[in-house]
Amino acid sequence: MVSLAAAATASMLLAAAGAVLSAPSGTLAAPASFASIADPTERSAAYFSELGKVLTHPRCTNCHPATDRPRQGDAARPHQPPVFRGPDGLGLASLRCSICHGSSNFEPAGVPGHPEWHLAPAEMAWEGKAPREICAQIKDPARNGGRSLEDLVRHIGDDTLVGWAWHPGGDRTPAPGTQQEAKALVEAWIKSGAACPN
C-alpha cells in the first residue's frame, strides 16, 4: 500500500513538473503525450528524442553506418560477406547489393530484401551518434541527402525502403513503433521548430 502511494505521488510530481516519460523502448509515444511540456523548444526536442529511438536502432544504423561497410542483425555485426558501399551506395562493381538482396526478403537464407536495397550516403552516417548529433545532421541539407525538412517527413514516413525497418522479417527486431507513428513525430518536431535535444 505504501509503495503504491509513493508511486502515485512520484507520478503526480513528474506530471506537475511537466515531465514526460517516453514510451517503452519497443514503442513510440504519440505527439499528444508531450502536450504537458509548455515550452515549444523543449517539446520539439522531446519529439526528436522519442524519434531517436528509431534513428539509433540497428534497423536504421545498419544502413547508415559510420564506415563504408554496412552492419547486419540486431547486434550490428560487420556485414558478411565483406561488402562495401561503392560510389553509388549499391556496392562495389564486383559485388553489388542486388547480387544477394532481391526485391523482398528471402527467408530460407535470412537475407533481407527490397527493390531499392542500398546504403545511405556516407554523409548520412548515424552509427554511434547520439540523437542530438543526428538531429543537427538531419537538418543540414549538406549532410541529409539534400532534403528539406518536409522531404524528411516523406522519407521517414512514406519511403518503403525505410518502412522495411518496421517489417524486417526473420528474427530481426523491428524498429520501435510504426512508420506512421514515426512520421507523426517528425511532423510534430518540424511544426514545433525542429529543435534538437541537448
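Analyst: A lining can be read by sorting its residues into classes. In this predicted model, the lining of the second largest pocket divides into 15 nonpolar, 3 polar and 3 charged residues.

User: Which residues lie nearest the centre of the second largest pocket?

Analyst: Cys-63, His-64, His-155, Leu-161 and Val-162 do, out of 21 lining residues. Two or more residues of this lining come from each of helix H2 (40–55), H3, helix H5 (149–158) and helix H6 (160–163). The volume of the second largest pocket is about 350 Å³.

User: How does the lining of the largest pocket divide into nonpolar, polar and charged residues?

Analyst: There are 15 nonpolar, 9 polar and 6 charged residues in that lining. The largest pocket holds about 490 Å³ of space. Of the 30 residues that line it, Gln-72, His-79, His-101, Pro-112 and Trp-117 lie nearest the centre.

User: Which elements supply at least two residues each to the lining of the largest pocket?

Analyst: Helix H3 (58–61), strand S1 (71–72) and strand S4 (95–96) do. Helix H3 also gives two or more residues to the lining of the second largest pocket.

User: Where do these elements sit in the order of the chain?

Analyst: The order is read from the N terminus, and here it runs α-α-α-β-β-β-β-α-α-α-α. That comes to 7 helices and 4 strands.

User: What share of the chain counts as buried?

Analyst: Burial is judged by relative accessible area, with under 20% as the cut-off. By that criterion, 39% of the 198 residues are buried. The accessible surface of the chain is about 10300 Å², and carbon and sulfur atoms account for 61% of it.

How values were computed. Residues are numbered from 1 along each chain as its sequence is written. This is a predicted model: local features need pLDDT of at least 70, side-chain atom pairs count only at pLDDT 80 or more; totals for chains, interfaces and linings use all residues. Side-chain values use heavy atoms; hydrogens and water are left out. On a 1 Å grid over the protein atoms alone, a cavity is a set of points where a 1.4 Å probe fits but cannot get out, and a pocket is an open set with protein on both sides within 12 Å along at least five of seven lines; lining residues have an atom within 4 Å of a point. Grid points are joined across faces, edges and corners, and a volume is the space filled by probe spheres set on the points. Ala, Val, Leu, Ile, Met, Phe, Trp, Tyr, Cys and Pro count as nonpolar, Asp, Glu, Lys and Arg as charged, and the others, Gly among them, as polar. Buried means under 20% relative accessible area, exposed over 50%, partly exposed in between (1.4 Å probe, protein chains only). Accessible areas come from the Shrake-Rupley method with a 1.4 Å probe; for residues, only the protein chains shown count as cover.
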